[in-house]
There are 2 protein chains.
Amino acid sequence: MPLQKISREEMIFTSAQVFRKRGYNNTSMNDLADACGLTKGVFYHHFESKEELMKAVLHGVHLHFKTTLFALAYSDKYTPEEKLDKFLTKAQKMFSKSDGGCLMANTALETLSSLPEFAPYLREFFADWIDAMTQIYSSVYQEDKARRIAEQTVQEFEGAVMFLRIFGERRYMDEMLERAKLRLMIA
Amino acid sequence: MPLQKISREEMIFTSAQVFRKRGYNNTSMNDLADACGLTKGVFYHHFESKEELMKAVLHGVHLHFKTTLFALAYSDKYTPEEKLDKFLTKAQKMFSKSDGGCLMANTALETLSSLPEFAPYLREFFADWIDAMTQIYSSVYQEDKARRIAEQTVQEFEGAVMFLRIFGERRYMDEMLERAKLRLMIA
DNA sequence: TCAAATATACTGAACGGTTGGTAAGTATGC
DNA sequence: GCATACTTACCAACCGTTCAGTATATTTGA
């Protein structure tokens, strides 16, 4: 099928960026088609509906974070301190390089009450994120405590991303990262 | 003017609940009119546009929190520990009694990139919230440190509200409140 | 005192535009 | 020739917004 202009993966990735910036309800199928250099009819050739497309986007983004970021936590090439540092630095880059914040958090707060079918995708994403950070912190804390610290860190992370967007000051992210690293050092 | 079915304040308050649950873009003027027992034409008699209505809603909610919650931090009838406890307990009730989470956070993540005119209302709300918590923590920490802890607490709070909605477990809120109280005790 | 004039809250229909989604037809490559 | 990818045109429904008209209360003035 070399007559396809762009791959399904590219459509999903480009759609993810548009959804993150404009939100789910404020993004039309035409917006997505324009961003991909296509007409919206093509989208209905590849995806059943806007909701199914969004599910594919959420799944794709989850997979991208799983292999690119979360996997770092399970590597055995670094010390826990190095792992946490690499993890947080990479996370910060992924979230703050382009405006629009975190697609998963944006989608959660926008659609959780009106489109519950997205909920499982959001749940699994954050569960995986927490698992990854639990893995890192459990090198210093016991499983239980490590998980609670991981949950706290993810919560603070999303709060900091929101503050970064609201106030436009990157110190919220920096200070949050320092606190997360401190938690590993002063166990 | 007793010929008015419901007051402007009631329209704003009812609209706030609908916006919080359904989101800004997914709420139509008809939805708001139905919730108020009116027709949508009436809304345009009281508000210039949907965006102006939303600004009135954001301002009204801000005022409500200012007088009902934030004011607690400046009371001189309680010890700092009592103030923090009352503040957090009340905040938890206000946020978790009805589903939909926090209107301000929802609106921020949904509209910050596409409707920047709402940003000042969101900024001022969170700035006031941080100021209030800074006031409480500054009884134990010096101004600078108190403010950073206040910012951290608000970030964690919003993160916990999101987790409560995603996972449906109230322990995220409870554990967050415990951490916030601990920060005052082990200065 | 009691209409007439005025102001306000509201109704219901209509508007131009956009939405998610469909269908019929064309181009492309095996 | 035949499946796949794509274009174009289209649909009904809904969107935010407008507006002419109606109902109700208040103010006015003789």
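A:Glu151 is buried, at a relative accessible area of 4%. Its salt-bridge partner is B:Arg171, with N and O 2.6 Å apart. That pair crosses between chains, from helix H9 of chain B to helix H8 of chain A. The model is predicted. Chain A and chain B bury about 3500 Å² between them.

**Salt bridges across the contact**

- Two salt bridges are counted between chain B and chain A.
- One joins B:Arg171 to A:Glu151 at 2.6 Å, N to O.
- B:Arg171 has a relative accessibility of 29%, so B:Arg171 counts as partly exposed.
- A:Glu151 counts as buried because its relative accessible area, 4%, is under the 20% cut-off.
- Another joins A:Arg171 to B:Glu151, whose closest N and O atoms are 2.6 Å apart.
- A:Arg171 is partly exposed, with 29% relative accessible area.

- In chain A, the side chains of A:Glu175 and A:Arg171 form a salt bridge at 3.2 Å, N to O.
- A:Glu175 and A:Arg171 are four residues apart in helix H9 (residues 171-185) of chain A, so about one helical turn separates them.
- A:Glu175 is partly exposed, at 22% relative accessible area.
- In chain B, B:Glu175 and B:Arg171 pair in a salt bridge, with the closest N and O atoms 3.2 Å apart.
- B:Glu175 and B:Arg171 are also separated by about one helical turn, because they sit four residues apart in helix H9 of chain B.
- B:Glu175 counts as partly exposed, at 22% relative accessibility.
- Shared partners link A:Glu151, B:Glu169, B:Arg171 and B:Glu175 into one salt-bridge network.
- Over all chains, the whole structure holds 27 salt bridges.

**The interface**

- Chain A gives 37 residues to the contact and chain B gives 37 residues.
- Of the roughly 3500 Å² buried, 62% is on carbon and sulfur atoms.
- On the chain B side, B:Leu109, B:Gln155 and B:Ile166 lose the most area to chain A, together 21% of what that side buries.
- Eight residue pairs are in polar contact between the chains, both residues at pLDDT 80 or more.
- Helices H1 (8-22), H6 (103-111), H7 (119-137), H8 (143-167) and H9 (171-185) of chain B each give two or more residues to the side that touches chain A.
- H8(B) supplies the largest share of that side, 14 residues.
- By class, that side of chain B has 15 nonpolar, nine polar and 13 charged residues.

**Nonpolar core**

- The largest nonpolar core has 138 residues.
- A:Phe87 and B:Phe87 have the most contacts inside that core.
- Leaving out residues up to four places away in sequence, A:Phe87 touches A:Leu69, A:Phe70, A:Leu72, A:Ala73, A:Trp129, A:Ala132, A:Met133 and A:Ile136.
- In soluble globular proteins, nonpolar side chains tend to be buried together.

**A:Thr153 in helix H8**

- A:Thr153 belongs to helix H8 (residues 143-167) of chain A.
- A:Thr153 is buried, with a relative accessible area of 1%.
- The A:Thr153 side chain reaches the backbone oxygen of A:Ile149 at 2.8 Å.
- Beyond four places in sequence, A:Thr153 touches A:Met133, A:Tyr137, A:Met176, A:Ala180 and A:Arg183.

**A:Pro120 in helix H7**

- A:Pro120 lies in helix H7 (residues 119-137) of chain A.
- At 30% relative accessibility, A:Pro120 is partly exposed.
- A:Pro120 and A:Glu175 are 55 residues apart along the chain, and their C-alpha atoms are separated by 31 Å.

Methods:
Residues numbered from 1 in each chain as written. Chains lettered and ligands numbered in written order. Predicted model: local features only at pLDDT ≥ 70, side-chain atom pairs only at ≥ 80, totals over all residues. Heavy atoms only, no water. Contact = heavy atoms within 4.5 Å. Buried area = accessible area lost by both parts, 1.4 Å probe. Salt bridge = Lys/Arg side-chain N within 4 Å of Asp/Glu carboxyl O. Polar contact = N/O pair within 3.5 Å; in protein donor to acceptor, adjacent residues only side chain to side chain. Nonpolar A, V, L, I, M, F, W, Y, C, P; charged D, E, K, R; others polar. Buried < 20%, exposed > 50% of the residue type's maximum accessible area, 1.4 Å probe, protein only. Core = buried A, V, L, I, M, F, W, Y, C linked by side-chain atoms within 4.5 Å.
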